[in-house]
Structure formats: structure tokens, C-alpha cells
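Please take a look at the model below. The paragraphs that follow lead you through it step by step.

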Amino acid sequence: LGDTSNLPCTTSKVSSEELPLDLKREDSPTHPAELYGQSKLAAEQLIRGYQQMYQLQANIMRFGTVYGPGMNPACGMHIFFRQALLDGPLTVHGDGSQTRTLTFIEDLIQGILLLVRSGRFGLTLNFSAIEEISALQMAEKVTAVTHSKSKILHIAQRPGQTMKESISSKKAFEILGWQATTSFSEGVRKSYEWFLSKKQHTGVRAQTKNDILKKNVTIHVPY
């Protein structure tokens with residue numbers, strides 16, 4: 001594939017939540033709702049500075065929330081699977097109405113490969129699924145797929161929460177012919193198969209409602 005070091009990955013969370021989907025393009029105004037998005041936006045600005053001053057050949061890729069085999073243990077989907085397989089409560093921030101455009105890893109890899117093989121530079125491209133899934137829907141789906149006895153426990157909303165994650169990947173389709181094709185249901189099923197094959201839940205103690213509410217346990221779920 002050649003040199004892929006100049007393919008920085010940022011996030012859809014650099015976009016403003018207030019904009020409708022068709023206006024959440026790569027050239028739309030940026031207004032991140034949380035520190036994570038601000039840090040990614042700062043990284044983008046550094047990259048553009050190097051492009052302007054030193055002719056750095058690079059592309060900027062903005063991803064929706066990525067999940068699937070190999071996902072980070074800090075990912076909300078990963079945490080939900082661990083909690084469900086141990087029959088502990090699935091912890092959801094607030095009422096769970098915050099949404100994510102969950103993008104399956106295999107779809108994303110195809111997009112990256114298409115961009116690398118295109119030989120083009122100086123692009124900013126969004127790579128994201130279209131289907132918006134709420135945190136509550138994620139938790140319910142994981143519970144159903146795993147046949148878990150877990151209950152859903154609503155905890156305090158996370159400060160700076162991104163309530164609506166959605167960006168348009170129309171440009172990636174026009175330039176590369178890319179679009180996400182894996183449905184949420186299929187992606188969750190494949191993720192569960194991977195999770196079981198790797199025994200990702202082994203050794204993680206289930207937290208009860210009392211653990212969380214009485215012992216002031218901090219739950220790091222990004223949703």
C-alpha cells in the first residue's frame with residue numbers, strides 16, 4: 001500500500017450538532033460539543049498548517065463511532081458486551097437518547113484502502129454509516145443478542161455529551177464510491193461472535209446496582 005503514515009484519523013464529533021445531516025459536510029462549520037472533539041479539531045488544524053507551510057501530503061479522515069472485531073475495551077459497545085455476559089447492569093448515561101452512527105470496522109477498512117489506492121492527497125473525507133442508533137437501543141440490542149438477564153441502569157449524563165452524531169459521507173461516495181454496507185444488526189452479531197471467540201469478558205467482575213450507586217463507581221462509557 002505504500003506510505004500510509006500521512007492518513008490522520010479524526011472524528012465526526014468536530015461537526016456542529018445543530019446542523020442537519022445534509023449540511024454536515026467536510027466544509028461545514030465546526031463546533032465540537034466536547035473536549036474529545038476539540039482535541040481532534042486542533043489536530044486537523046496542525047495538519048493543515050503543515051500542508052500549507054511544508055506541502056505535507058496527507059488526507060484527513062473523519063470517522064463515525066467505530067465498532068466491531070478488535071474494538072477498544074473503552075468503547076461503549078465493548079463495555080455493554082462485558083456487562084451483559086456477566087449479567088451485570090448495562091449502564092447508560094442519562095435517558096439513553098444520545099445517538100451514534102455506528103460504523104462497522106470492515107466497512108471503514110474498505111474506505112481507507114480505497115483512499116490509499118486513489119493516490120490523492122489534500123482531501124478531508126467523512127467515513128460514517130447513515131443509521132443513527134441511540135445508546136438505549138445499543139444496550140437493548142446487546143442484551144437481546146447475548147440472551148443476557150441484565151437490566152439497563154440509567155446513570156448521570158456525561159458532561160459535554162454529544163447528543164447527536166451524524167455526518168454526511170456523500171463526498172466519500174462521489175470520490176471513492178464508498179459507503180457503509182453493514183447494518184447495525186449484522187454488525188452487532190459479528191461483534192458478538194468475535195467477543196466470544198476472544199473471551200473478552202473473562203475475568204471482569206460484574207458490577208451490581210449497589211456497586212454503582214453506593215460505592216460511587218465511575219463508569220466510563222462513551223455513550
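A residue is called buried at under 20% relative accessible area, exposed at over 50%, and partly exposed in between, with a 1.4 Å probe and only the protein chains counted. This is a predicted model: local features need pLDDT of at least 70, side-chain atom pairs count only at pLDDT 80 or more, and totals for chains, interfaces and linings use all residues. Residues are numbered from 1 along each chain as its sequence is written, and side-chain values use heavy atoms, with hydrogens and water left out.

Start with the whole chain. The protein chain has 223 residues, and 47% of them count as buried. Its secondary structure comes to 7 helices and 9 strands. Helices (H or I, at least four residues) and strands (E, at least two) are DSSP runs, numbered from the N terminus. Now look at contacts, meaning heavy atoms within 4.5 Å. Among contacts between residues at least 6 apart in sequence, 84% join residues at least 24 apart. The chain exposes about 11400 Å², and carbon and sulfur atoms supply 54% of that area. Accessible areas come from the Shrake-Rupley method with a 1.4 Å probe; for residues, only the protein chains shown count as cover.

Why is α2 described as largely enclosed by the rest of the structure? Because 9 of its 10 residues are buried. Among them are G76, H78, F80 and R82. The buried residues of α2 pack against strands β3 (66-67) and β4 (90-93), and against helices α4 and α6. Just after α2, D87 takes a positive phi of about 55°.

Helix α4 is one of those packing partners. The helix has 12 residues, which should span 16 Å at 1.5 Å a residue. The expected span is 1.5 Å times one less than the number of residues. The end C-alpha atoms of α4 are 17 Å apart, which agrees. Its buried residues include A135, M138 and V142. The buried residues of α4 pack against α2, α6 and several strands, including β5 (99-100) and β9 (152-155). T143 sits in this helix, which covers residues 135-146. Is T143 buried or exposed? T143 is buried, because its relative accessible area is 14%. Leaving aside neighbours within four places in sequence, T143 is in contact with L90, S148 and S150. Just after α4, H147 takes a positive phi of about 55°.

Now turn to the aromatic rings. A pair of rings is described by the distance of the centres and the angle of the planes. Rings of Phe, Tyr and Trp (its six-membered ring) pair if their centres lie within 6.5 Å; planes under 30 degrees apart count as stacked, over 60 as edge-to-face, and the rest as tilted. The whole structure holds 7 aromatic pairs. One of them is tilted: Y50 and Y54 lie 5.6 Å apart, centre to centre, with 40° between the planes. Both residues lie in helix α1 (residues 35-54), 4 residues apart, about one turn of the helix. Y50 is partly exposed at 48% relative accessible area, and Y54 is exposed at 54%. A second pair is stacked: F81 and Y192 are 5.8 Å apart, centre to centre, with 5° between the planes. This pair links distant parts of the chain, with F81 in α2 (residues 76-85) and Y192 in α6 (residues 184-198), 111 residues apart. F81 counts as buried at 0% relative accessibility, and Y192 counts as buried at 16%. F81 and Y192 belong to one aromatic cluster with W194 and F195.

Finish with the salt bridges. A salt bridge is a side-chain nitrogen of Lys or Arg within 4 Å of a carboxyl oxygen of Asp or Glu. The structure holds 7 salt bridges. In α1, E44 and R48 are 4 residues apart, so about one helical turn separates them. Their side chains meet in a salt bridge of 3.2 Å, N to O. E44 counts as buried at 0% relative accessibility, whereas R48 counts as partly exposed at 22%. In helix α6, R189 and E193 also lie 4 residues apart. The closest N and O atoms of their salt bridge are 2.9 Å apart. R189 is partly exposed, with a relative accessible area of 39%. E193 counts as partly exposed at 45%. Salt bridges that share partners join E44, R48 and R62 into one network.
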